[in-house]
Amino acid sequence: MTRKRRLALHHGLVRPGFPLGPEGVRTSVSLDPIMWEAFCEIADYQGKTATQLVNEIDRDRDRDIALSAAIRVYVVEFYRARVRL
């Protein structure tokens, strides 16, 4: 099970940082707390760390889309697939 990090709020958003790619370049994203919580739940469900899941999303995203936006889309698509609206 993934350990959830306590993150400080910055203007109402959490700003977790992650090492990306084989070079381990650090970046951070801005997410609403509820989106961050849902993202961590998905990572736990999949047996991954948040960093592993962020790196998968980063590898697969269109470079015209910001990483934080790609994470939000991933969360929405994950839950939509389970609800099947």
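Predicted model: local features only at pLDDT ≥ 70, side-chain atom pairs only at ≥ 80, totals over all residues.
**Entry 1: Overall make-up**

Residues are numbered from 1 along each chain as its sequence is written, and side-chain values use heavy atoms, with hydrogens and water left out. Reading from the N terminus, I recorded the order β-β-β-β-α-α-α.

**Entry 2: Burial and contacts of the chain**

I looked up burial and found that 32% of the 85 residues count as buried (under 20% relative accessible area, with a 1.4 Å probe and protein chains only). The accessible surface of the chain is about 5900 Å², and carbon and sulfur atoms hold 53% of that area; the areas come from the Shrake-Rupley method with a 1.4 Å probe. Of the contacts (heavy atoms within 4.5 Å) between residues at least 6 apart in sequence, 45% join residues at least 24 apart.

**Entry 3: H1 against H2**

I then turned to the helices. Helix H1 covers residues 33–45 and helix H2 residues 50–60; they pack at an angle of about 95 degrees, with axes 9 Å apart. The axes are lines fitted to C-alpha atoms over the stretch in contact, and angles run from 0 to 180 degrees between N-to-C directions. H1 and H2 are therefore roughly perpendicular (65 to 115 degrees) to each other. I listed Trp36, Phe39, Ile42 and Ala43 on the H1 side of the contact, and Ala50, Leu53, Val54 and Ile57 on the H2 side. By class, this contact of H1 with H2 has eight nonpolar residues (Ala, Val, Leu, Ile, Met, Phe, Trp, Tyr, Cys and Pro), no polar and no charged ones (Asp, Glu, Lys and Arg).

**Entry 4: Burial in H2**

I found Ala50, Leu53, Val54, Asn55, Ile57 and Asp58 of H2 to be buried. Their cover includes strand S3 (17–20), H1 and H3.

**Entry 5: H1 against H3**

Helix H3 (residues 67–83) packs with H1 at about 60 degrees, and their axes lie 10 Å apart. I recorded the contact residues: H1 gives Met35, Ala38, Phe39, Glu41, Ile42 and Tyr45, and H3 gives Ile71, Arg72, Tyr74, Val75, Phe78, Tyr79 and Arg82. The residues of this contact of H1 with H3 divide into 10 nonpolar, no polar and three charged.

Definitions and conventions: Helix = DSSP H or I, 4+ residues; strand = E, 2+ residues; numbered from the N terminus. Parallel < 35°, antiparallel > 145°, perpendicular 65-115°, else oblique. Buried < 20%, exposed > 50% of the residue type's maximum accessible area, 1.4 Å probe, protein only.
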